[in-house]
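Here's a quick briefing on a protein model, for someone just getting started. Have a look at the structure, then read on.

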Amino acid sequence: MTTKTSGVDGNGKDGNGNGKDGSGSGKSVGGGNRARGVGAHPAPVLDPRAHPEPVLDPRALNRATLARQLLLRRSAGRGAADAVRHLVGLQAQNVKPPYYALAARLEGFRPEELSTAMEDRAVVRIVTLRSTIHTHTAEDALTLRPLVQGARDRELNNFRKGLTGVDLDRLSVIARELVEAEPRTMKQLREELLVHWPDADPFALSVAARCRLPLVQVTPRGLWGRSGQVALTTAEHWLGRPAEPSPGPDAAVLRYLAAFGPASVKDMQTWAGLTRLREAFERLRPRLLTFRDENGVELFDLPDAPRPDADTPAPPRFLPEFDNLLLSHADRSRVVPAGLKGRTWAANQAYRTLLVDGFLGGLWRQEGDVLTIEPFGRLTKVQREEVVAEAEGLLRTLSGTSASYDIRFGTVAA
């Protein structure tokens with residue numbers, strides 16, 4: 001693959017024109033004070049008598065989470081479906097993000113591997129965590145969805161005005177019959193349901209069907225290099241077996257910590273879109289280690305989970321929009337420096353993100369054969385070379401060819 005690099009890091013300044021990394025440190029992105037973590041405010045002094053647990057600063061939390069997320073070093077020999085299982089799903093609001101997410105995490109990943117798993121129905125696209133579309137293994141689609149069903153039922157309270165007079169149990173039966181007879185688009189489903197409830201809000205009817213039923217998006221939707229409109233059927237019908245009882249919140253806590261820990265109760269509640277998980281953590285307390293963050297918040301973790309040294313090198317990584325690394329904690333300072341909060345989206349538009357030294361360091365986009373990198377601050381010569389090398393690897397992985405690409409550097413607007 002022939003690669004050209006062009007452009008500069010703008011004028012070496014962040015969007016505020018202050019020549020710093022966005023945290024106000026004046027150091028390279030992701031550098032900062034290692035004793036406190038990137039972008040962190042001075043740590044409060046914790047009373048060791050009140051908080052005897054070890055304290056983990058944002059940099060220590062960063063390295064631990066990157067290791068769980070397969071971002072500190074790519075996993076060799078792990079297949080796409082196994083990675084999806086370990087990560088408890090991948091954000092899939094759009095088609096490409098799961099492919100970008102795995103390209104950043106797996107050694108030798110090929111997009112066709114995930115597409116094949118989808119065609120074989122080993123993984124599916126389904127609404128689960130936080131009421132968003134995720135790519136999950138078939139097993140998780142059948143067990144995680146029941147775990148979050150209560151949240152989906154509560155979501156319908158936002159649409160009750162549009163559902164006046166609608167029997168939701170009857171709607172569930174009718175909608176299931178429709179989508180299991182043949183996959184339906186949301187438009188088709190709305191039109192069929194309006195026959196039964198002509199005075200209801202059409203959008204509310206489709207939301208009710210999505211919330212009440214575990215609807216999966218059938219292929220070719222979601223396949224790499226192919227297109228297809230969103231057509232839905234039930235997970236049970238698509239996978240050829242009934243939904244399984246949820247293993248309960250305790251098992252989900254253990255899996256969450258394996259992929260995102262160390263973490264607080266509120267962190268997991270943010271990830272899952274659930275509430276009242278404190279009891280599960282308390283039941284598991286004898287099996288877990290506990291720490292504190294710099295603000296005194298209690299963090300739980302698995303005893304044998306990796307917690308690398310805070311100085312462990314973290315290579316740059318190109319992540320998709322909505323990557324769960326940035327969405328799965330109530331306190332995101334382990335990845336997002338304080339000065340960069342809110343810089344990964346505008347209105348309803350989320351941006352693809354670049355990690356530098358393990359922390360949010362910029363944005364990126366690809367248009368045709370041009371990949372543009374927009375750092376939040378000035379990169380050192382070594383960092384710039386590492387970012388370009390990572391970009392080249394990403395393009396090789398996703399193109400599968402030796403085509404020529406143009407890698408450019410720009411400036412992020414304030």
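Helix α9 gives four residues to the lining of the second largest pocket, the largest share of that lining. This is a predicted model, where local features need pLDDT of at least 70 and side-chain atom pairs count only at pLDDT 80 or more, while totals for chains, interfaces and linings use all residues. Residues are numbered from 1 along each chain as its sequence is written, and side-chain values use heavy atoms, with hydrogens and water left out.

**The second largest pocket**
- This pocket holds about 270 Å³ of space. A pocket here is an open set of points on a 1 Å grid over the protein atoms alone, with protein on both sides within 12 Å along at least five of seven lines, and lining residues have an atom within 4 Å of a point.
- Volume means the space filled by probe spheres set on the points, which are joined across faces, edges and corners.
- There are 18 lining residues, and the closest to the pocket's centre are Val127, Ile133, Met186, Arg210 and Gln217.
- At least two lining residues each come from β3 (123–127), α8 (186–196), α9 and β5 (215–217).
- Sorted by class, the lining has nine nonpolar, five polar and four charged residues. Nonpolar covers Ala, Val, Leu, Ile, Met, Phe, Trp, Tyr, Cys and Pro, charged covers Asp, Glu, Lys and Arg, and the others, Gly among them, are polar.

**Helices that cross**
- Helix α9 (residues 202–212) also packs against helix α7 (residues 168–181), at an angle of about 80° and with the axes 10 Å apart. The axes are lines fitted to C-alpha atoms over the stretch in contact, and angles run from 0 to 180 degrees between N-to-C directions.
- So α7 and α9 are roughly perpendicular to each other, a label for angles of 65 to 115 degrees.
- On the α7 side, the contact (heavy atoms within 4.5 Å) uses Leu168, Asp169, Leu171, Ser172 and Ala175, and on the α9 side Leu205, Ala208, Ala209 and Arg212.
- That makes six nonpolar, one polar and two charged residues.
- Helix α11 (residues 249–260) and helix α12 (residues 265–272) have axes that come within 11 Å and cross at roughly 95°, so these two are roughly perpendicular as well.
- Here Ala252, Val253, Tyr256 and Phe260 of α11 meet Asp267, Met268 and Trp271 of α12. This contact has six nonpolar residues, no polar ones and one charged one.

**Cavities**
- You'll find two cavities of 30 Å³ or more; a cavity is a set of points where a 1.4 Å probe fits but cannot get out.
- The largest cavity has a volume of about 80 Å³.
- Its lining counts 14 residues, with Leu90, Gln91, Arg105, Asp323 and Asn324 closest to the centre.
- Two or more of the lining residues come from each of β2 (90–91) and α3 (97–103).

**A buried charged residue**
- Glu236 sits in helix α10 (residues 235–239).
- Glu236 counts as buried because its relative accessible area is 18%, and the cut-off for buried is under 20% (1.4 Å probe, protein chains only).
- Leaving out residues up to four places away in sequence, Glu236 touches Leu142, Arg176, Pro214, Arg241, Pro242 and Ala243.

**The whole chain**
- The chain has 14 helices and 15 strands, taken as DSSP runs numbered from the N terminus (helices: H or I, at least four residues; strands: E, at least two).
- Of its 414 residues, 53% count as buried.
- Among contacts between residues at least 6 apart in sequence, 68% join residues at least 24 apart.

Technical notes
Angles under 35 degrees count as roughly parallel, over 145 as roughly antiparallel, 65 to 115 as roughly perpendicular and the rest as oblique. Buried means under 20% relative accessible area, exposed over 50%, partly exposed in between (1.4 Å probe, protein chains only).
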